[in-house]
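Hi everyone, thanks for making the time. I'd like to walk you through one model, helix by helix and side chain by side chain.

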Amino acid sequence: MNIRNPHPKTIAALKRGLFLILSIPLFKLIADGVLDQLGANPIEKITRTTGYWTLTLLLVTLAVTPLRRFFGWSWPGRFRRMLGLFAFFYGCLHFLTYLVLDQFFDWAGIVKDIAKRPYITVGFTAFLLLVPLAVTSTDGMIRRLGGKRWRVLHRLVYLIAILGVVHFWWLVKKDISRPAIDAAILALLLGFRMMDAVRKQVSGARSEEKRKSSNIDGPSSSRHPPGLSVLDGNTHSETTP
């Protein structure tokens with residue numbers, strides 16, 4: 001396998017394998033439920049497991065771009081959409097566990113819970129923000145929104161990840177070792193993006209200075225036709241930025 005530029009069939013096989021791997025936590029929960037191995041508090045076990053995988057997959061999704069740029073490979077970006085959608089999937093299971101199994105559709109109790117417990121308020125907000133990202137994850141929605149607007153919308157993932165870490169941190173209260181690790185990973189990922197944004201601004205400013213000093217107008221031949229804005233969005237369409 002050419003690791004820098006894998007064959008499309010290899011990418012397809014890797015996607016199928018990744019799909020199966022990401023489904024394992026769900027299959028394990030189902031098996032544990034059937035075998036009565038969810039422990040003394042099954043609802044808490046399901047809630048913690050689905051919440052853990054939601055946040056973990058969000059962080060993995062955010063790690064794709066730094067890893068891709070560090071190694072100089074473009075193909076890992078092809079897996080971001082699946083990672084992001086699985087994060088949303090486990091987020092839905094996490095929310096439904098709370099809504100159905102924990103609260104039994106007690107809407108008044110849910111409203112009180114959201115108002116009184118800050119970690120639930122933060123977690124619920126993060127889940128609501130995930131919804132538009134999942135809805136607009138298709139190529140059709142990218143064409144409708146345009147690549148630029150799509151990327152602006154999907155930058156919400158940074159806020160969602162921050163809210164997810166805060167939700168986890170406030171939930172555990174005493175042993176904060178795991179949320180602290182997640183917070184450190186998120187800080188590194190966000191720090192990378194900030195440094196990358198600064199580098200691009202500096203590079204752009206230098207290019208503009210060179211253009212002005214050479215008295216050369218912007219090359220009209222290099223301007224992208226309108227259709228390329230969609231293609232540019234598609235290069236990022238394998239989920240969130």
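First, some ground rules. This is a predicted model, in which local features need pLDDT of at least 70, side-chain atom pairs count only at pLDDT 80 or more, and totals for chains, interfaces and linings use all residues. Residues are numbered from 1 along each chain as its sequence is written, and side-chain values use heavy atoms, with hydrogens and water left out. When I say helix, I mean a DSSP run of H or I with at least four residues, numbered from the N terminus.

Let's begin with H1, residues 8–34, and H2, residues 42–71. Their axes are 11 Å apart and the packing angle is about 180°; axes here are lines fitted to C-alpha atoms over the stretch in contact, and angles run from 0 to 180 degrees between N-to-C directions. H1 and H2 are therefore roughly antiparallel, a label that applies to angles over 145 degrees.

Which residues of H1 and H2 make the contact? From H1 we have Leu 22, Pro 25 and Leu 29, and from H2 Ile 46, Thr 49, Thr 50, Trp 53 and Leu 57, where contact means heavy atoms within 4.5 Å. Sorted by class, that is 6 nonpolar, 2 polar and no charged residues. In this scheme Ala, Val, Leu, Ile, Met, Phe, Trp, Tyr, Cys and Pro are nonpolar, Asp, Glu, Lys and Arg are charged, and the others, Gly among them, are polar.

Now for the charges. Side chains of opposite charge can pair when their charged atoms come close. The structure holds 4 salt bridges, each being a side-chain nitrogen of Lys or Arg within 4 Å of a carboxyl oxygen of Asp or Glu. I'll show you some of them.

Asp 32 has 9% relative accessibility and counts as buried. For us, buried is under 20% relative accessible area, exposed is over 50%, and partly exposed is in between, using a 1.4 Å probe and protein chains only.

Glu 44 is partly exposed at 37%, and Arg 48 is partly exposed at 38%.

What about Arg 81 and Asp 139? Their side chains meet in a salt bridge at 3.3 Å, N to O. This pair links distant parts of the chain, 58 residues apart: Arg 81 is in H3, residues 80–102, and Asp 139 is in H6, residues 139–145. Arg 81 is buried at 16%, whereas Asp 139 is partly exposed at 28%.

Staying in H3, we find Leu 99, buried at 7% relative accessibility. Beyond neighbours within four places in sequence, Leu 99 touches Phe 104, Phe 105, Trp 107 and Ile 110. The C-alpha atoms of Leu 99 and Ile 110 are 7.8 Å apart.

Over in H4, residues 107–116, look at Asp 113. It is buried, with a relative accessible area of 11%. With neighbours within four places again left aside, Asp 113 is in contact with Tyr 98, Gln 103 and Ile 120.

How values were computed:
Helices (H or I, at least four residues) and strands (E, at least two) are DSSP runs, numbered from the N terminus. Angles under 35 degrees count as roughly parallel, over 145 as roughly antiparallel, 65 to 115 as roughly perpendicular and the rest as oblique.
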